[in-house]
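Student: Can we go through this one together? I'd like to start with the overall picture and then pick out some residues.

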Amino acid sequence: MRLRHQVALFAVGGVLGFAIDAGIVEALVKVADWDPYLARLLSFVAAASVTWWWNRNVTFAHRRRHRTASEWLRWMAVMSTGAALNYGLYALLLALLPLVRAWPVLGVAAGSLAAAAVNFTTARAVVFNGRESAS
């Protein structure tokens with residue numbers, strides 16, 4: 001599969017993950033009155049799990065080679081670099097910008113975009129590093 005196609009499919013998964021991440025954090029903060037930092041931790045785990053499923057079954061289906069449980073654990077471990085960048089930028093913007101405090105989804109978006117390149121590179125090189133299939 002061409003790299004450009006993989007990037008496009010990874011981006012679709014990222015949009016799906018973003019919708020889940022942002023939806024959960026907004027609901028927890030606005031509806032359930034959660035602390036926005038704690039809400040983001042829960043929303044991130046949910047979103048990362050969905051993006052793992054998407055990338056395993058769509059983006060890198062031809063490259064997967066690990067058992068499901070170990071692959072999910074590997075995904076979560078290597079995504080921690082992107083997650084740290086993602087959460088760090090979110091927390092910084094939340095602390096500095098009243099607009100982001102009013103609309104945490106803006107911080108989620110900024111963090112997600114910043115981490116996207118790191119996440120794609122590590123996903124392709126570390127998690128889904130099986131041999132390319134002939135098809």
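**Overall build**

Tutor: For 135 residues, a compact globule would have a radius of gyration near 14 Å, and the protein has 15 Å, which agrees. That radius is taken over C-alpha atoms, and the globule rule is 2.2 Å times the number of residues to the power 0.38. This is a predicted model: local features need pLDDT of at least 70, side-chain atom pairs count only at pLDDT 80 or more, and totals for chains, interfaces and linings use all residues. Residues are numbered from 1 along each chain as its sequence is written, and side-chain values use heavy atoms, with hydrogens and water left out.

Student: What is the secondary structure of the protein?

Tutor: Five helices and zero strands. The pattern along the sequence is α-α-α-α-α. Helices (H or I, at least four residues) and strands (E, at least two) are DSSP runs, numbered from the N terminus.

Student: What does the C-alpha trace span?

Tutor: About 50 × 25 × 20 Å along the principal axes.

Student: And how much of the protein counts as buried?

Tutor: 37% of the 135 residues. Buried means under 20% relative accessible area, exposed over 50%, partly exposed in between (1.4 Å probe, protein chains only).

**The largest pocket**

Student: New topic. How much space lies in the largest pocket?

Tutor: About 480 Å³. On a 1 Å grid over the protein atoms alone, a pocket is an open set of points where a 1.4 Å probe fits, with protein on both sides within 12 Å along at least five of seven lines. Lining residues have an atom within 4 Å of a point. Points are joined across faces, edges and corners, and the volume is the space filled by probe spheres set on them.

Student: Which residues lie nearest its centre?

Tutor: Gly14, Val15, Ser112, Ala116 and Asn119, out of 23 lining residues. Helices H1 (3-31), H2 (36-59), H3 (68-96) and H5 (104-127) each give two or more residues to the lining. H1 gives the largest share, nine residues.

Student: What kinds of residue are in the lining?

Tutor: 14 nonpolar, eight polar and one charged. Here Ala, Val, Leu, Ile, Met, Phe, Trp, Tyr, Cys and Pro count as nonpolar, Asp, Glu, Lys and Arg as charged, and the others, Gly among them, as polar.

**Single residues**

Student: Phe10 next. Buried or exposed?

Tutor: Phe10 counts as buried because its relative accessibility is 11%. Phe10 is in helix H1.

Student: What is Phe10 in contact with?

Tutor: Leaving aside neighbours within four places in sequence, its contacts include Trp75, Ala116 and Phe120. Contact means heavy atoms within 4.5 Å. Phe10 and Phe120 are 110 residues apart along the chain, yet their C-alpha atoms are separated by 7.1 Å.

Student: And where is Asn86?

Tutor: In helix H3. Asn86 is buried, with a relative accessible area of 5%.

Student: Now Leu113. Buried or exposed?

Tutor: Leu113 counts as exposed, at 68% relative accessibility. Leu113 lies in helix H5.

Student: Last one, Asp33. What is its phi?

Tutor: Near 60 degrees, a positive value in a residue other than glycine. Most residues other than glycine have a negative phi. Asp33 sits in the loop between H1 and H2, and at 66% relative accessibility Asp33 counts as exposed.
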